[in-house]
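Reader: I would like to work through a fold feature by feature. Please give the general idea where there is one, then the case at hand.

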Amino acid sequence: MDTGILILRLLVGLLVAGHGVQKISSHLGGRGLQGGTEEFRADGFRGGALTALAAGGGQIGSGLLLAAGFLTPLAATGAIGVMTVALTVKWRHGLWVQNDGYEYPLVLIVTAAALAATGPGAWSLDAALGLTPFPLWWAALALVAGLGSGFLTRLVLHRPPAPATADR
């Protein structure tokens, strides 16, 4: 079981972190901070470079913590939060990723929540430092706080679409 959790933590954590690297640099196929800023503006978010830095930093930090199995409920909360924002952007396209849907962010949200529920396993920094096992209520807290922070971010930073003007 610990081997499976380790593989899952490494895969999901490093993918979330890599997604953040793409937001703020030209590594891993990213378009640099300017590209991340343009992406957020195109998706209707205000804040420019600061928004891209916060999102990228949140993804890098939570992803690396998740991969290392360190402060796992906090790491899961961060991953759930940033992926919830991504889900809200993709929502209008439906579920499936081939239509630019929210399938991928949903998988990452559920996986992070599951890791918060199972714990990081024996091969983790949490276990090495004697921080495990976490009570199950930490998983519920991680899910609620992550979803709440993602939806709050969307509410605060997303600009409503400009009203259409009729040509006369």
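Reader: In what order do the elements of the chain run from the N terminus on?

Author: This is a predicted model. The order from the N terminus is α-α-α-α-α-α-α. The chain has 7 helices and 0 strands. Its radius of gyration is 17 Å, close to the 15 Å that the globule rule gives for 168 residues, so the chain is as compact as a globular protein of that length. The C-alpha trace spans about 70 × 30 × 30 Å along its principal axes.

Reader: How is the packing of two helices described?

Author: By the angle between their axes and the distance between the axes. Here, helix α2 (residues 32-42) packs against helix α3 (residues 48-68) at an angle of about 100 degrees, and the axes are 8 Å apart. Angles of 65 to 115 degrees count as roughly perpendicular, so α2 is roughly perpendicular to α3.

Reader: Which residues of α2 and α3 make the contact?

Author: From α2 they are Leu33, Gly36, Thr37, Phe40 and Arg41. On the α3 side they are Gly48, Ala49, Thr51, Ala52, Leu53 and Ala55. By type, the residues of this contact divide into 6 nonpolar, 4 polar and 1 charged.

Reader: Which residues of α2 are buried, and what covers them?

Author: As a general point, an α-helix has 3.6 residues a turn, so residues three or four places apart point the same way. In α2, the buried residues are Gly32, Gly35, Gly36, Thr37 and Phe40. Their cover includes α1 and α3. After α2 comes Gly44, with a positive phi near 90 degrees.

Reader: Where do nonpolar side chains tend to be in soluble globular proteins?

Author: They tend to be buried together. In this chain, buried residues make up 39% of the 168 residues. The largest nonpolar core has 20 residues, of which Leu66 and Ala112 touch the most other members. At least two residues of this core come from each of α1 (2-24), α4 (72-90), α5 (103-118) and α7 (136-157). The largest share, 7 residues, is from α4.

Reader: What does Ala112 touch?

Author: Leaving aside residues up to four places away in sequence, Ala112 touches Leu66, Ala76, Ala79 and Ile80. There is also a second, separate core of 6 residues, among them Ala52, Ala55, Val85 and Val89.

Reader: What share of the contacts join residues at least 24 apart in sequence?

Author: Among contacts between residues at least 6 apart in sequence, the share is 65%.

Methods. Residues are numbered from 1 along each chain as its sequence is written. This is a predicted model: local features need pLDDT of at least 70, side-chain atom pairs count only at pLDDT 80 or more; totals for chains, interfaces and linings use all residues. Side-chain values use heavy atoms; hydrogens and water are left out. Axes are lines fitted to C-alpha atoms, for helices over the stretch in contact, and angles run from 0 to 180 degrees between N-to-C directions. Helices (H or I, at least four residues) and strands (E, at least two) are DSSP runs, numbered from the N terminus. Angles under 35 degrees count as roughly parallel, over 145 as roughly antiparallel, 65 to 115 as roughly perpendicular and the rest as oblique. Contact means heavy atoms within 4.5 Å. Ala, Val, Leu, Ile, Met, Phe, Trp, Tyr, Cys and Pro count as nonpolar, Asp, Glu, Lys and Arg as charged, and the others, Gly among them, as polar. A nonpolar core is a set of buried Ala, Val, Leu, Ile, Met, Phe, Trp, Tyr and Cys residues joined through side-chain atoms within 4.5 Å. Buried means under 20% relative accessible area, exposed over 50%, partly exposed in between (1.4 Å probe, protein chains only). The radius of gyration is taken over C-alpha atoms; the globule rule is 2.2 Å times the number of residues to the power 0.38.
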